[in-house]
Amino acid sequence: MKALLLALGVLGAIAAPSVARADDDEQTQFEAQPHRKTYSLGDCLALVDRNHPNNWAARARVGVARGQLDEARYLPYFQWYAQAAVGVLPNITGSVLYTQFSPNAIINPSSFAGGYDPFFSVSLNINLPLYTFGKISAGLDLATANVRYNEWDAEKYRELSRMDVRRAYFGVLYARDARYLVKEIIKKLDKAIDGISAKLDKGEKDVEETDRFRLQLYRDETLARGADADRGESYALAALRFLTGVQTDFDVPDVPLKKPDVALAPIVRYLAAARLFRPEVNMARAGVAARKSELDLQRARFFPDIGLAMNASYSVAPSVVAQNNGFAANNFNYFGYGIVLGARWSLDLPTNQARVEQSESRLEETRALERLALGGIAVEVENAYASTIESRTREEHWDHAEHLARQWIATIESEVDLGTKDERAVIEPLRAYVGARLEHIRALNDLNVNMSDLARVSGWDAAAPTGN
């Protein structure tokens with residue numbers, strides 16, 4: 001996917017002027033479908049938030065983490081167990097001291113003639129914790145930190161997908177500007193070639209056949225470069241269709257690429273925003289909180305769990321004579337319940353100490369990763385900011401150069417119309433204009449992409465160009 005999107009930055013095409021589009025009888029495959037629905041950059045961003053597979057997967061992981069939080073919240077208080085049994089028993093008579101029933105009768109087929117009756121038993125056991133020395137609260141804090149970690153992980157994938165959309169969107173405008181520039185230059189070259197041809201037909205001595213060859217060669221070169229523009233537009237639109245999930249009837253507005261509509265703020269704002277909003281930083285913070293809770297949980301396991309144990313059981317077997325002796329076990333006919341206060345203590349203290357040491361080491365590792373994230377995002381922000389400044393400077397100078405080239409072309413065309421110069425003179429200003437416009441539109445694309453990347457690395461999505 002990265003290779004697909006990075007290819008948009010090396011279109012190698014000629015850029016287009018930011019003036020009104022020139023009409024042309026030659027229609028590309030995309031212009032031949034005027035009824036397709038257009039989606040603005042804001043529409044594409046909303047669609048990628050909703051439809052991109054990575055965002056779906058990240059939201060699913062958040063759902064898993066929230067389910068784990070619910071499990072940690074309810075599990076300690078729902079240690080409830082119930083069991084039931086039903087079957088048949090033969091007649092069992094007698095008492096503790098004297099029985100009239102042989103155990104062998106159960107497996108003796110002839111004993112079935114003595115008759116069998118059903119029996120039923122059920123029991124319920126409940127354990128309620130009263131005090132666990134912080135185990136429950138540590139488990140809840142650990143699960144909560146895990147939810148925050150996955151939420152920021154989802155935000156990270158969201159920002160990456162939005163960056164991909166912006167790169168592809170500006171790539172479409174870049175490619176279309178290239179195609180329109182080709183059309184504009186071809187018209188001017190055709191006009192010059194026609195003029196040279198007319199003079200050659202009249203036999204004028206101030207022009208030569210090589211002059212027409214030179215213009216025709218430059219025309220073919222321009223058309224060859226124009227093919228890159230069509231390829232780049234197709235590539236960028238395919239990327240947008242995949243990212244947004246809209247596979248049919250999709251297009252973007254046919255507007256010129258222009259300067260970003262948001263102002264570039266001082267670098268300290270982006271650095272401050274990155275420390276607050278960058279997903280990786282917040283993931284590291286959530287990881288530190290989770291490791292702290294894990295360490296608290298392991299330390300709490302040195303102490304017992306204090307709680308209530310409740311039990312109720314009932315059994316009835318009509319074919320068995322009930323025993324009224326309190327010192328005799330009554331395994332078939334009984335009803336009982338009880339509530340006791342107790343404690344359960346795991347005495348694997350050396351093993352738990354090893355777990356505590358592991359948790360302490362993992363906490364220190366996560367703290368180191370947090371410092372790495374804070375330092376790394378500062379480098380990324382400064383690098384993205386420098387790239388934005390560089391592309392803005394290029395855009396300003398190439399914009400001025402483009403206007404100078406336009407004036408040069410207008411001056412030469414006026415002199416050709418007056419007859420003081422011939423069509424050969426148009427080649428040099430056209431080459432200068434094409435080169436200046438190409439670099440200008442490339443700088444415009446780089447400026448929009450770099451400002452979008454600056455918004456991503458700072459976590460400040462509102463600082464990205466809106467494309468309006």
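Predicted model: local features only at pLDDT ≥ 70, side-chain atom pairs only at ≥ 80, totals over all residues.
Me: Hi! Is F250 buried or exposed?
Reply: F250 is buried, with a relative accessible area of 2%. Buried means under 20% relative accessible area, exposed over 50%, and partly exposed in between, using a 1.4 Å probe and protein chains only. Residues are numbered from 1 along each chain as its sequence is written, and side-chain values use heavy atoms, with hydrogens and water left out.

Me: Thanks! How many aromatic pairs does the structure hold?
Reply: Nine. Rings of Phe, Tyr and Trp (its six-membered ring) pair if their centres lie within 6.5 Å; planes under 30 degrees apart count as stacked, over 60 as edge-to-face and the rest as tilted. Y39 and F250 have ring centres 5.1 Å apart and planes at 20 degrees, so this pair is stacked.

Me: Where do Y39 and F250 lie?
Reply: Y39 is in the loop between α1 (2-6) and α2, while F250 is in the loop between α5 and α6 (267-277), so the pair ties together parts that are 211 residues apart in sequence. Helices (H or I, at least four residues) and strands (E, at least two) are DSSP runs, numbered from the N terminus. Y39 counts as buried too, at 13% relative accessibility.

Me: And what about F335 and Y337?
Reply: They make a tilted pair, 6.1 Å centre to centre with 55 degrees between the planes. Both F335 and Y337 are exposed.

Me: New topic: which residues touch the most other members of the largest nonpolar core?
Reply: V165, Y169, L240, F250 and L257, out of 27 residues. Such a core is a set of buried Ala, Val, Leu, Ile, Met, Phe, Trp, Tyr and Cys residues joined through side-chain atoms within 4.5 Å. Eight of the core's residues come from α4, which is the largest share.

Me: What is V165 in contact with?
Reply: Setting aside neighbours within four places in sequence, V165 is in contact (heavy atoms within 4.5 Å) with L41, C44, L45, V48, L240 and L243. There is also a second, separate core of 18 residues, including I185 and Y218.

Me: Last one: how many buried residues are there in strand β4?
Reply: Zero among its eleven residues, 334-344. Strand β4 pairs with β3 (residues 305-316) in the antiparallel sense over eleven bridges; two strands pair if DSSP finds at least two bridges between them. Across that pairing, N311 stands opposite G338 in β4.
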